[in-house]
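Subject: Structure for you, with notes

Hello,

Please find the structure below, with the sequence. My notes on what turned up in it follow.

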Amino acid sequence: MATWTPDPTFYPSATMAMGAQREKLAYVVVLHPNGNGERRPDALAVLDLDSESPTYGQAVSRLDFPYTGDELHHFGWNACSSALCPTMPHPHLERRYLLVPGLRSSRMYVVDTKPDPKQPRLIKTIEPDEVHAKSGYSRLHTVHCGPDAIYVNALGRPDGEGPGGILTLDHRTFDVKGRWEKDRGPQHLAYDFTWHLTQDVMITSEWGTPNMVEDGVNPELLLGGKYGHQLHVWDIRTRRHLQTLDLGPEQQMVLELRPAHDPNKSYGFAGVVTSLKDLSASIWLWYRDGQGIAVKKVIEIPAEPADPALLPPIIQGFGAVPPLLTDINLSLDDRYLYASSWATGEFQQYDVTDPFNPKKTGSVRLGGIVSRAAHPKRGDLNGGPQMVEISRDGKRIYVTNSLYSAWDAQFYPDGIRGWAVKLEAEPEGGMRLDPDFFVDFGEDRPHQIRLQGGDASSDFFCYTNGKTH
Amino acid sequence: MNEQLPWITLAALGAYHGLNPGMGWLFAVALGLQEGSRSAVARAFGPIALGHAASVAAVVVLVGALQTAIDATLIRYAGGAVLLAFGLYKLLWPLSHPRWVGMRVGSRDLASWSFLMATAHGAGLMLIPVLVKLPEQVASQTDHATQMQHAAHMQHTAMAMSAIDISGPALMAVGLHTIAMFSVMGVLALVVYEKVGLAMLRRAWLNLDRVWAGALIGAGAITIAL
């Protein structure tokens with residue numbers, strides 16, 4: 001597995017990574033919703049993104065996993081640019097394996113993308129028992145490649161209660177090393193995690209415990225402000241909780257975290273799904289303030305009034321469609337922030353050169369509960385933009401439309417036909433939908449996309465952009 | 001030439017460690033990039049060199065102490081065996097390394113980091129063949145110089161004498177090795193920081209770990225055989 005020169009997809013800085021060659025493939029996890037009594041396993045699909053290829057824009061292969069009911073959601077690489085970080089570098093480890101966790105099953109699949117990246121193979125399955133026994137955690141959510149290990153987080157315990165948190169895997173053998181936290185302080189809920197590696201800081205976000213989310217949104221809990229509304233700041237060296245940043249209980253579900261890629265910048269963006277005050281969604285900026293971190297709302301996306309007759313039961317009483325911001329992503333140059341409002345069907349681009357004052361520079365409508373905005377190649381769409389991934393050069397953005405099976409059913413009771421679309425970013429702001437790119441997944445639900453070689457949210461960097469030529 | 005060989009080897013080993021990004025210069029550059037200052041790069045050199053020297057000195061002192069108490073041949077075999085075992089370990093588990101996360105480091109942390117990395121790399125171990133040879137060299141030199149005077153005492157105090165006498169050369173050994181390391185590390189860090197940039201890492205960072213493991217094994221074999 002060790003090579004003579006560093007893996008060519010490892011870059012010292014984010015700006016260097018922007019010069020990487022264009023992606024030819026993407027990996028997408030695909031959920032089989034198992035409705036109508038059928039039981040089929042989830043899968044990893046491979047999308048051809050090579051514009052020269054005769055199968056461009058098509059799913060060219062699919063790896064079916066051996067179990068049903070996994071609920072595949074997020075996934076990540078075994079190694080990335082953080083392998084170049086100076087304290088314990090391992091640049092000769094290949095970026096080669098995808099770690100694919102089951103959000104319901106707590107199983108972890110290890111998939112080898114070599115020798116043929118178009119034919120990924122399952123080489124190891126870490127069973128939930130091992131995860132439970134060695135970490136105490138259950139419901140595996142997200143995977144990030146750290147400088148010293150593969151980091152995975154979990155929503156809670158095997159019994160479905162909290163606390164959720166982080167565990168690590170050995171980046172060579174994939175053995176579960178154990179729980180990461182030494183002192184979690186008041187932290188109880190988990191969802192996403194990210195780092196400012198050169199500042200020894202980790203940030204984590206909050207959704208709910210497995211019992212709070214697995215059967216759908218619980219309106220009682222939601223209206224009681226019980227879903228996550230805090231960010232937590234941790235010291236990477238001591239593994240101790242340092243700070244809680246409370247956005248207020250009216251901000252429900254603070255989910256995706258996207259830090260600035262330049263390690264000399266001490267800020268990042270966090271998306272909040274909905275506000276109990278006015279059903280708006282929002283994006284908050286965390287930033288260094290003196291010795292600690294502070295947080296401030298910098299983007300608000302309002303709810304859209306609608307005829308209750310058009311709304312699913314869960315939001316009929318509101319007479320409006322909340323945007324439900326579920327994913328955000330930041331380009332490698334830290335210049336453009338993309339945001340998916342899954343329920344209203346709006347996909348937005350913001351210029352965040354000044355992170356405290358984002359400027360909306362683009363908006364595209366796709367699907368949505370009421371709008372059902374059409375795609376040139378398909379016509380009316382259902383579902384709405386959800387997972388977003390950006391190419392390293394920032395020019396192409398890929399979006400898929402499913403969220404989480406139990407929640408899909410509540411907001412789109414007619415079911416969701418899975419799709420993936422592509423947008424192109426204008427160099428000085430703005431984006432347009434590629435009218436010719438449309439991947440139809442039929443009854444299957446695509447979720448996270450990872451681009452071959454890395455993308456805007458897969459890698460972490462230890463060297464600043466400036467002096468690295 | 002035979003007499004110079006250990007010293008040349010010591011200097012070459014120091015230079016090799018100075019070249020290795022994982023053992024110092026890259027961290028110095030990273031610290032400089034964080035603060036945007038060349039002096040931050042340079043301030044890292046001292047602690048890194050010190051930590052490395054401490055790791056090497058630990059082996060030198062240990063071997064020196066053992067040489068007063070244990071027969072030279074036994075030390076030779078034991079030292080060679082340790083080298084062989086360590087080299088094999090490095091060959092079979094190439095990606096094992098001590099865990100250190102944390103880039104907010106003061107001088108003491110940096111020296112500790114360097115000590116840890118040097119020890120995990122077997123920096124001091126590579127001196128074993130030299131250290132094992134040194135008493136013979138020194139003994140033969142003192143023989144020529146003071147043969148008549150000490151002939152009567154040599155038999156009783158040979159081992160004690162050799163221990164005392166090699167402390168000077170041993171110190172020089174650590175010193176020379178460290179100076180070589182410091183110089184190469186310093187030049188490389190500053191050139192990369194000021195002029196070349198880190199893009200070269202993508203191609204120039206050769207995986208010398210296998211070569212190093214082979215060198216450890218070779219050194220072990222030489223120590224035992226000679």
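A:Arg258 and A:Glu256 form a salt bridge, with their closest N and O atoms 3.2 Å apart; the term stands for a side-chain nitrogen of Lys or Arg within 4 Å of a carboxyl oxygen of Asp or Glu. Both A:Arg258 and A:Glu256 are buried, where buried means under 20% relative accessible area, exposed over 50% and partly exposed in between (1.4 Å probe, protein chains only).

Some ground rules before the rest. This is a predicted model, in which local features need pLDDT of at least 70 and side-chain atom pairs count only at pLDDT 80 or more, while totals for chains, interfaces and linings use all residues. Residues are numbered from 1 along each chain as its sequence is written, chains are lettered from A and ligands numbered from 1 in the order in which they are written, and side-chain values use heavy atoms, with hydrogens and water left out.

Salt bridges within chain A

Over all chains, the whole structure holds 44 salt bridges. One of them pairs A:Arg396 with A:Glu23, at 2.7 Å between the closest N and O atoms. This pair links distant parts of the chain, 373 residues apart: A:Arg396 is in strand 29 (residues 396-400) of chain A, and A:Glu23 is in the loop between helix 1 and strand 1 (25-31) of chain A. Helices (H or I, at least four residues) and strands (E, at least two) are DSSP runs, numbered from the N terminus. A:Arg396 and A:Glu23 are both buried.

A:Glu94 sits in the loop between strand 4 (76-77) and strand 5 (97-101) of chain A. Is this residue buried or exposed? A:Glu94 counts as buried because its relative accessibility is 11%. Its side chain meets that of A:Arg96 in a salt bridge (3.3 Å, N to O), and A:Arg96 is buried too. Salt bridges with shared partners join A:Glu94, A:Arg96, A:Asp112, A:Lys114 and A:Arg121 into one network. The side chains of A:Glu94 and A:Lys114 are also joined by a polar contact of 2.8 Å. A polar contact is a pair of N or O atoms within 3.5 Å; within protein, one must be able to donate a hydrogen and the other to accept it, and residues adjacent in sequence count only if both atoms are side-chain atoms.

Backbone points to check by eye

Most residues other than glycine have a negative phi, and most peptide bonds are trans. The peptide bond from A:Lys114 to A:Pro115 is cis, with omega near 5 degrees; A:Pro115 lies in the loop between strand 6 (108-112) and strand 7 (121-126) of chain A. The bond from A:Gly162 to A:Pro163 is also cis, with omega near 5 degrees, and A:Pro163 is in the loop between strand 9 (150-156) and strand 10 (165-169) of chain A.

A:Phe174 has a positive phi, near 65 degrees, and is not a glycine. A:Phe174 lies in the loop between strand 10 and strand 11 (176-179) of chain A and is buried, at a relative accessible area of 5%. A:Asp200 also has a positive phi, of about 60 degrees. A:Asp200 is in the loop between strand 12 and strand 13 (201-204) of chain A and, at 6% relative accessibility, counts as buried.

Where chain A meets chain B

The contact (heavy atoms within 4.5 Å) takes 38 residues from chain A and 35 residues from chain B. The two chains bury about 3500 Å² between them, 61% of it on carbon and sulfur atoms; buried area is the accessible area (1.4 Å probe) that two parts lose on being put together, summed over both. B:Leu95, B:Arg202 and B:Trp205 supply 21% of the area that chain B buries against chain A, more than any other three residues.

Two salt bridges are counted between the chains. The side chains of B:Arg99 and A:Asp148 meet in a salt bridge at 2.7 Å, N to O. There are also 15 residue pairs in polar contact across the interface of chain B and chain A (both at pLDDT 80 or more). Helix 2 of chain B gives the most to the side of chain B that touches chain A, with five residues.

Regards
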